[in-house]
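Q: Please take a close look at one part of this model, and then connect that part with the other local features that can be listed.

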Amino acid sequence: MTALLTIIVLVFILIAIWQMVKIFDLAQAKSENTGVATDKDNTINGYLMMGFLAFIYIITIVSFVKWGDLPLMSNSASEHGPTIDNLMIISMVIIFIVQTITQFLLHYFAFKYKGEKGKKALFFADNNKLEAIWTIIPVIVLAGLIIYGLSTWINIMGVDESDDPLVVELYAQQFNWKARYGGADNTLGKANVRLIDIDRANILGLDEADPNAQDDVITTELHLPVGRPVLFKMRSQDVLHSAYMPHFRAQMNCVPGMITQFGFTPTVTTADMRQTPQMIEKVQNINKIRVENSKALVAKGEDALERYEFDYLLLCNKICGKSHYNMQMKIVVETQDEYDAWMKEQKEFKNSLIN
């Protein structure tokens, strides 16, 4: 398939060069230049337009059959995830229908109304009815999508404090993440980058005099209890980062000098997600590739690649520097009992300082 695509690209490059040469000849404006399109030229171009239309449809069908993975979105692991997926699917279906119709009209009319000797073009300098139609229809469709999108966004961002959400801070810095939990009181202590004291291991700049900060817990791995709302408070130490958790359909910028927030409720544990048919197939495919790539590494005397195991990830989705690609943190979604057991093993802030 790669070879076929390469050949197609080369053919289009040659056609483009040929057209550029023709344009150059026409631009010379010499008296002996006969580069005026004839009926034969127009007919050929008309058929080429129809051929290209057929190519667009054929390659679209082949892509859907060979690489299509319907539904377009799956494996969401948050309460609001299906709503986001539904909004995306509706948008993609509308785009697909519109482009299918408009591409047909564009290429068909170029064929049907190709230039012919003695035929004059009929055109309308002004047509209020047509302009109203192609203005009102997009306005109605876009208004519906925008209203649906705004409603979805408001529902996602409107975290109800009465639900006792778990409060977690995501702290971004080049090029890693830290998570900070509010401890037993579920209240984050005050923090400021000016209070960072590496010598005392106060790496996030917590206010050591704030009572709410004493039981805060700082970790390099994010653990979340399934079924409990989580309210994330986000900070950045240096540049603009973006906290992106793809399986939870969650993303929010981490802006230096301010606190942003995002909330969601995890609905699928890491263990359960690993057992889904789609994830099992994905892991098997990745490990198959790793086994093949490891053969070359072993032949060079290097270590083989480790087997891949699925984990939720927190990624940075803003290009924040040379190691941006590697800025990620593991997310573990587990039962409340497992989460409580893990939390008991963590050090509180007051016990992590170096005196």
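In which loop is the place of Asn186?

A: This is a predicted model, in which local features need pLDDT of at least 70 and side-chain atom pairs count only at pLDDT 80 or more, while totals for chains, interfaces and linings use all residues. Residues are numbered from 1 along each chain as its sequence is written, and side-chain values use heavy atoms, with hydrogens and water left out.

Asn186 sits in the loop between strand 2 and strand 3 (217-219), where strands (E, at least two residues) and helices (H or I, at least four) are DSSP runs numbered from the N terminus. Its phi is near 55 degrees, a positive value in a residue other than glycine. Asn186 counts as buried because its relative accessible area is 16%; buried means under 20%, exposed over 50%, and partly exposed in between, with a 1.4 Å probe and protein chains only.

Arg249 also has a positive phi, near 50 degrees, and is likewise a residue other than glycine. Arg249 lies in the loop between strand 6 (241-245) and strand 7 (250-254), and at 15% relative accessibility it counts as buried.

Another backbone feature is the cis peptide bond that joins Gln174 and Phe175, with omega at about 0 degrees. Phe175 is placed in the loop between strand 1 (166-173) and strand 2 (176-181).

Turning to side chains, rings of Phe, Tyr and Trp (its six-membered ring) pair if their centres lie within 6.5 Å, and planes under 30 degrees apart count as stacked, over 60 as edge-to-face and the rest as tilted. By this rule the count comes to 16 aromatic pairs. One of them is formed by Phe310 and Tyr312, which are edge-to-face at 5.2 Å centre to centre, with 80 degrees between the planes. Phe310 is buried because its relative accessibility is 2%, and Tyr312 is buried because its relative accessible area is 0%. Phe310 and Tyr312 belong to one aromatic cluster together with Phe232, Phe248 and Phe264.

Glu79 is located in the loop between helix 2 (39-67) and helix 3 (81-112), and it counts as exposed because its relative accessibility is 59%.
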